[in-house]
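Hi everyone, and thanks for coming along. Let me put the structure up on the screen, and then we can walk through it together.

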Amino acid sequence: MSMPLYKLGAFGDEASLVVAFLIGIGFGFFLEQAGFGSAKKLTDQFYFRDLAVFRVMFTAIVTAMLGLFWLGWAGVVDLSLVYVSTTYLAPQIVGGLLLGVGFTVGGYCPGTSVVAVATGKLDALFFLGGTFLGILAIGVAWPAVEGFAHSTDLGRLTLPEVLHLPFGAVVFLVVLMALGGFWGAGALERRLGGKGEEEP
Amino acid sequence: MSRATDWLARRTLNERLALLAVALGLGALAVGDVEARGKVTLDTRELARIVEGEVDHVTPEELADWMIAGRADYRLVDLRAEEDFAAYHLPGAERRAIAGLEQAGLGRDERIILYSAEGIHSAQAWMLLKAHRYPAVYILLGGLAGWQEHVLYPLEPAPDAPIAERAAFARAGEIARHFGGAPRPWSDSGSAPAALAPPRPTSPAVAAPVAPPTGAKPGAKRKKEGC
């Protein structure tokens with residue numbers, strides 16, 4: 001086992017910031033290249049006109065999942081050390097709804113708004129300003145919302161644990177789900193989005 | 001060129017990638033689980049951070065306050081032998097053996113407070129639960145001995161102690177009586193708390209170092225993860 005590199009001490013706290021910076025540049029670059037710096041492109045997915053966001057995200061998920069599974073199998077990555085954020089069911093449902101509304105109305109999600117600001121989009125600048133105001137507001141209101149934010153704590157939860165399936169079976173199901181989703185996305189675009197023939 | 005490679009050559013890049021994903025997914029299905037169950041790996045860096053920051057401690061006074069406030073958001077686990085538990089245990093405590101503790105019905109979503117006679121067993125059990133990825137495990141500082149000394153039989157401050165300290169002691173006395181103990185007068189300061197405490201061998205008192213501890217910073221920064 002030699003990964004995760006940071007957890008196994010390959011580099012320290014300071015170097016981890018440099019690594020984070022480099023990964024951030026890569027992340028921003030590919031988001032921009034996928035067209036995610038445009039609010040129009042991002043919101044088109046909600047009208048089934050252009051499901052590029054869905055495709056890019058699901059492709060990333062499947063790639064990362066297959067990579068982690070097989071690297072874990074080969075003994076390169078210790079999967080038990082990979083960070084899995086805690087599941088807080090109720091607050092995450094509420095937060096997800098809020099994010100969805102904000103995404104549809106504002107045209108960006110937090111990460112893509114930063115990408116769009118970097119390419120000089122004025123609307124994204126306002127969106128980002130709103131994000132910071134929202135963060136400030138939740139910080140001020142924290143004593144009142146903290147109880148809710150930490151409620152329905154299910155701990156470190158993963159799909160194999162919830163479904164009582166082997167990890168590999170979940171991997172296979174997610175691959176099938178992604179391919180089904182890509183096929184469905186193409187069909188939806190052709191029917192509703194007025195798009196011509198396009199490979200899923 | 002065979003028909004299969006011929007067919008593959010006619011596929012688009014997307015189709016080839018999809019085929020690769022299906023092949024890797026089918027392989028994953030065949031492999032099943034990546035890691036053998038029961039095998040654990042310690043995140044030593046994270047553990048060291050917790051230990052240095054001393055965020056995994058609950059003082060006897062804190063626990064007493066929680067009990068009086070009627071808090072029910074924790075599980076109190078007594079790790080001592082069956083007969084010791086029968087003789088005395090903290091209110092609301094449940095006994096568990098260290099062997100098989102990770103299968104003793106404790107939830108990973110629960111706040112678990114461990115105590116033993118003095119603290120060594122609870123520290124060892126803490127490590128065991130941490131290895132099994134229980135996120136919220138705490139140690140009762142000083143174990144049962146600490147509970148007796150600070151909650152059941154708190155020592156009255158010296159007569160020349162500051163007013164504030166003496167005022168705080170009035171509350172400690174009330175808490176002690178709440179749990180069936182009693183504050184010890186200052187004149188008892190040389191002796192061990194009575195009742196439950198086993199007689200202590202008399203040994204020359206070791207002067208505690210006065211210098212403040214260096215190194216571990218309280219509230220040492222914790223690496224944030226996730227987005």
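Predicted model: local features only at pLDDT ≥ 70, side-chain atom pairs only at ≥ 80, totals over all residues.

Residues are numbered from 1 along each chain as its sequence is written, and chains are lettered from A and ligands numbered from 1 in the order in which they are written.

Helices (H or I, at least four residues) and strands (E, at least two) are DSSP runs, numbered from the N terminus.

Let's begin in chain A, with H5(A) (residues 110-118) and H6(A) (residues 122-140). Their axes come within 8 Å and cross at roughly 135°. Axes here are lines fitted to C-alpha atoms, for helices over the stretch in contact, and angles run from 0 to 180 degrees between N-to-C directions. The two helices are therefore oblique to each other; angles under 35 degrees count as roughly parallel, over 145 as roughly antiparallel, 65 to 115 as roughly perpendicular and the rest as oblique. H5(A) passes H6(A) in a left-handed crossing. Among the residues that make the contact are Pro110(A) and Val114(A) of H5(A), and Leu125(A) and Leu128(A) of H6(A). By class, that contact has eight nonpolar, two polar and no charged residues. In this scheme, Ala, Val, Leu, Ile, Met, Phe, Trp, Tyr, Cys and Pro are nonpolar, Asp, Glu, Lys and Arg are charged, and the others, Gly among them, are polar. And "contact" means that the C-beta atoms of two residues, placed from the backbone, lie within 7 Å.

Now for another pair: H3(A) (residues 52-73) and H9(A) (residues 167-192) pack at an angle of about 160°, with their axes 10 Å apart. That makes H3(A) roughly antiparallel to H9(A). Here too the crossing is left-handed. Phe58(A) and Phe69(A) are among the residues that H3(A) brings, and they and their partners meet a set in H9(A) including Val171(A) and Phe182(A).

What about H4(A), residues 89-106? Its end C-alpha atoms are 25 Å apart, which agrees with the 26 Å that its 18 residues should span at 1.5 Å a residue; the expected span is 1.5 Å times one less than the number of residues. H4(A) is hardly covered, with one buried residue among its 18. Buried means 20 or more other C-beta atoms within 10 Å of a residue's own, exposed means 12 or fewer, and partly exposed is in between, with C-beta atoms placed from the backbone. Gly107(A), with a positive phi near 90°, follows H4(A).

On to chain B, which has eight helices and five strands. Of its 227 residues, 21% count as buried. One of the buried residues is Ala64(B), with 21 other C-beta atoms within 10 Å; Ala64(B) sits in H4(B), residues 60-68. Ala64(B) and Ile175(B) are 111 residues apart in sequence, but 7.5 Å apart in space, C-alpha to C-alpha.

Finally, how do the chains meet? 26 residues of chain B are in contact with 28 residues of chain A. On the chain B side, H2(B) (residues 13-31) gives the most, with eleven residues. That side divides into twelve nonpolar, six polar and eight charged residues.

Conventions:
Left-handed = near helix turned anticlockwise from the far one by under 90°.
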